[in-house]
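The sequence and model come first.

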Amino acid sequence: MLRLARVNIQKLDALHSRCFAAVASKKAHEKDIAQGPARQNESFMANIFRGSLVPTQVFPYPDVLTSEQKELTASLIDPFERFFAEVNNAARNDENSKIDDNTLTALWELGAFGIQVPSDFGGLGLNNTQYGRLCEIVGANDLGLGITIGAHQSIGFKGILLFGTPEQKEKYLPKVASEKVYAAFALTEPSSGSDAASIKCRAVKSADGKHYVLNGSKIWISNGGMAEIMTVFAQTEQTDKKTGEKKDKVTAFIVERSFGGVTSGPPEKKMGIKASNTAEVYFEDVKIPIENILGEEGEGFKVAMNILNNGRFGMGATLAGTMKECIKKATEHANNRVQFGQKIKNYGAIQEKLAQMNILQYATESMAFAISQNMDSGSQDYHLEAAISKVYASECAWYVCDEAIQILGGMGFMKETGLERVLRDLRIFRIFEGTNDILRLFVALTGIQYAGSHLKEVQRALKKPTANLGFIFKEASKRAASTVGLGGTDLSPYVIDELQPYAKKTAACIDLFGQTVEELLLKYNKNIVHQQFTLSKLANAAIDIYAMIVTQSRASRATRLNLPTANHELSLTKALTLQASDRALMNLRNATSSYHQELNKEMSLIAQSVCENSGVHTSGVIDLN
Ligand code: MYA
């Protein structure tokens with residue numbers, strides 16, 4: 001679906017038909033509507049694309065940890081915090097572009113490399129929520145080190161946890177959890193970044209079928225210079241079971257450096273996360289035993305996507321921790337710094353910044369833990385939310401750190417304050433693990449695809465109205481209610497009284513969201529995939545809606561439980577809703593307005609002209625002969 005990013009027109013055309021063939025013929029929706037729908041997609045966000053409210057993932061705010069799990073998590077917080085206070089030195093790691101061996105050893109001893117590996121295999125055996133809580137501590141202290149342990153477990157060996165056979169788990173998990181063997185995730189190549197399916201690394205099956213021989217190279221691999229075990233993606237020739245046609249399809253492999261033929265380049269010199277090793281990895285005639293295929297042969301693209309989906313919430317949790325630390329530094333300064341005879345905390349200009357930073361931190365954390373807890377409850381439908389949380393967290397963290405530096409003024413710009421390192425470290429978070437631009441398209445197009453399949457259901461139902469009266473009536477009343485502003489969406493049962501007016505604002509956004517998706521689908525049909533200016537606006541509205549929903553849910557919970565922070569959380573939620581609902585409505589109106597179509601056209605012309613001229617293309621300000 002997102003393949004449209006490629007410039008090859010032929011591929012684009014093929015893609016369009018594929019995309020809309022998918023919309024029209026998703027297996028789940030092929031059944032006659034009268035036979036009843038397929039498995040209900042529980043994703044709150046996916047459902048608002050089709051104008052439906054499915055509240056189970058978000059209301060009430062999930063709370064999955066048992067008291068034992070809470071106790072275990074609490075018992076780990078102290079050693080993790082002590083490690084950062086007493087052993088690790090983030091500034092030194094950054095300066096040396098390396099984490100020293102003693103620090104790494106201490107991290108292994110903490111169990112920080114195998115947080116989610118079951119204890120039978122030597123790990124800490126924590127779930128996503130518990131892992132997220134530890135990620136917050138890591139994010140508050142050292143993002144470079146965070147990527148070292150994150151690339152190892154969040155993506156490096158996650159595929160073995162998710163898709164490994166019992167033998168693969170038994171062989172590899174103990175090593176990566178506690179035996180000081182590093183792991184990496186090797187997907188990106190020089191000509192394949194966002195377009196992950198276009199990788200060129202190739203593995204050819206031996207005549208006896210016992211192994212594959214892998215050739216090619218990967219770039220920018222986190223832990224690439226030190227990993228002994230890698231999850232590697234390569235093209236393999238597959239025969240279509242139905243047609244007998246031979247076709248290249250991606251397969252995932254577990255590759256050991258010890259197989260031979262695996263080498264890596266020197267550590268890349270980077271702007272930030274310098275402590276994390278990033279390197280090229282080369283594969284030359286690497287012999288991979290057949291039993292090291294991860295998942296099904298030819299299904300490697302989905303393996304890659306699912307590993308990435310599964311790890312994304314961790315970035316949200318990590319960056320919620322980073323923001324906390326930035327806010328702490330900014331607050332300490334605001335509380336003490338005197339200018340014009342007053343502490344600067346008393347000035348509105350500073351108060352506005354501090355409040356905004358806290359609002360964004362609250363929403364980021366609320367997203368991350370709503371997702372982790374849904375995942376822990378066994379939900380499979382978290383992909384859209386995970387992508388949203390990654391985009392939101394990485395942009396909010398950048399904003400928060402930048403504003404913290406602004407509050408600290410000249411002090412913020414000094415290395416010694418430690419915020420310049422964090423800002424440098426943060427920059428990559430909007431780029432890796434799926435660029436925010438690609439993830440916005442992913443959110444919008446995946447949601448639209450889901451909505452499109454629903455529209456098909458409606459059309460099909462209308463063809464046999466007598467058999468589908470109930471369904472048609474429900475659809476008709478839903479549309480009538482939301483079109484005449486009667487509030488098709490009702491969030492009132494889910495939030496506390498004080499948040500009712502805010503929930504109404506969010507409901508209005510959800511109604512307009514569903515209508516906008518439908519309008520766009522009817523207007524553009526398959527050409528919706530071309531409308532990136534519009535898709536980004538839709539994604540932005542989706543992000544704002546999710547932020548409102550998770551904060552309203554979390555603040556309602558805090559109030560119901562009478563938590564000491566409840567009033568503050570209500571303020572954060574109200575302020576966020578006032579900002580986000582306005583912005584979401586604006587984005588949704590803009591998505592269909594002719595004014596914005598004209599603007600998009602002009603923007604597109606400007607970009608084309610700039611590209612044709614390899615840069616700025618204006619007359620000189622001063623006319624020189
Ligand atoms: S690792 C490298 C990261 N790279 C990327 O993220 C690549 C980004 N690109 C993509 O994700 C894909 O290529 C896109 C799809 C999305 C553009 N879930 O035709 P398609 C299915 C499930 O749309 P394309 C790094 O950065 C789709 O439904 N399924 O595909 C290291 C379809 O299925 P079907 C998905 O147009 C960072 C099929 O695939 C998904 O080619 C280090 C084809 O789809 C999905 N998401 O492009 C991080 N997408 O055929 C360290 C597609 O059945 C972490 N599909 O209809 C640190 C964490 C924090 C620290 C922790 C401290 C402790």
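The report covers the fold, the nonpolar cores, a surface patch, backbone exceptions and salt bridges.

**Basis.** This is a predicted model: local features need pLDDT of at least 70, side-chain atom pairs count only at pLDDT 80 or more, and totals for chains, interfaces and linings use all residues. Residues are numbered from 1 along each chain as its sequence is written, and side-chain values use heavy atoms, with hydrogens and water left out.

**Overall.** The protein chain holds 20 helices and 10 strands. These are DSSP runs numbered from the N terminus (helices H or I, at least four residues; strands E, at least two). Of its 625 residues, 52% count as buried. Buried means under 20% relative accessible area, exposed over 50%, and partly exposed in between (1.4 Å probe, protein chains only). The chain exposes about 28800 Å², and carbon and sulfur atoms supply 54% of that. Areas come from the Shrake-Rupley method with a 1.4 Å probe; for residues, only the protein chains shown count as cover. Among contacts (heavy atoms within 4.5 Å) between residues at least 6 apart in sequence, 75% join residues at least 24 apart.

**Cores.** A nonpolar core is a set of buried Ala, Val, Leu, Ile, Met, Phe, Trp, Tyr and Cys residues joined through side-chain atoms within 4.5 Å. The largest one has 124 residues; Phe49, Tyr392 and Leu538 are among those with the most contacts inside it. Helix H12 (residues 383-408) gives the largest share, 15 residues. Domain 2 (309-438) and domain 3 (491-611) both contribute, so this core lies between them. The domain bounds come from an automatic or database domain assignment. Leaving out residues up to four places away in sequence, Leu538 touches Phe49, Ala444, Ile448, Phe513, Thr516, Val517, Leu520 and Leu588. A second, separate core of 25 residues includes Val117 and Ile254.

**Surface patch.** Phe533, Leu599, Met603, Ile606 and Val610 make a nonpolar surface patch of about 420 Å². Patches are made of residues with over 30% relative accessible area and no salt bridge; like charges are joined within 9 Å, nonpolar side chains (Val, Leu, Ile, Met, Phe, Trp, Tyr) within 5 Å. Helix H20 (residues 594-612) gives the most, with four residues.

**Backbone exceptions.** Most residues other than glycine have a negative phi, and most peptide bonds are trans. The Phe59 to Pro60 bond is cis, with omega near -10°. Pro60 sits in the loop between helix H2 (44-49) and helix H3 (67-87). Glu433 has a positive phi of about 55° and is buried at 15% relative accessibility. Ser614 has a phi near 50°, but Ser614 is exposed at 70%.

**Salt bridges.** The structure holds 20 of them. Each is a side-chain nitrogen of Lys or Arg within 4 Å of a carboxyl oxygen of Asp or Glu. Examples follow.

| Pair | N to O distance |
|---|---|
| Arg133 and Glu136 | 3.6 Å |
| Arg440 and Glu395 | 2.9 Å |
| Arg424 and Glu420 | 3.0 Å |

Arg440 in helix H15 and Glu395 in helix H12 link distant parts of the chain, 45 residues apart. Arg424 and Glu420 are four residues apart in helix H14, about one helical turn. Arg424 is buried at 16%, and Glu420 is buried at 18%. Bridges with shared partners join Arg133, Glu136, Lys324, Glu365, Arg554 and Glu569 into one network.
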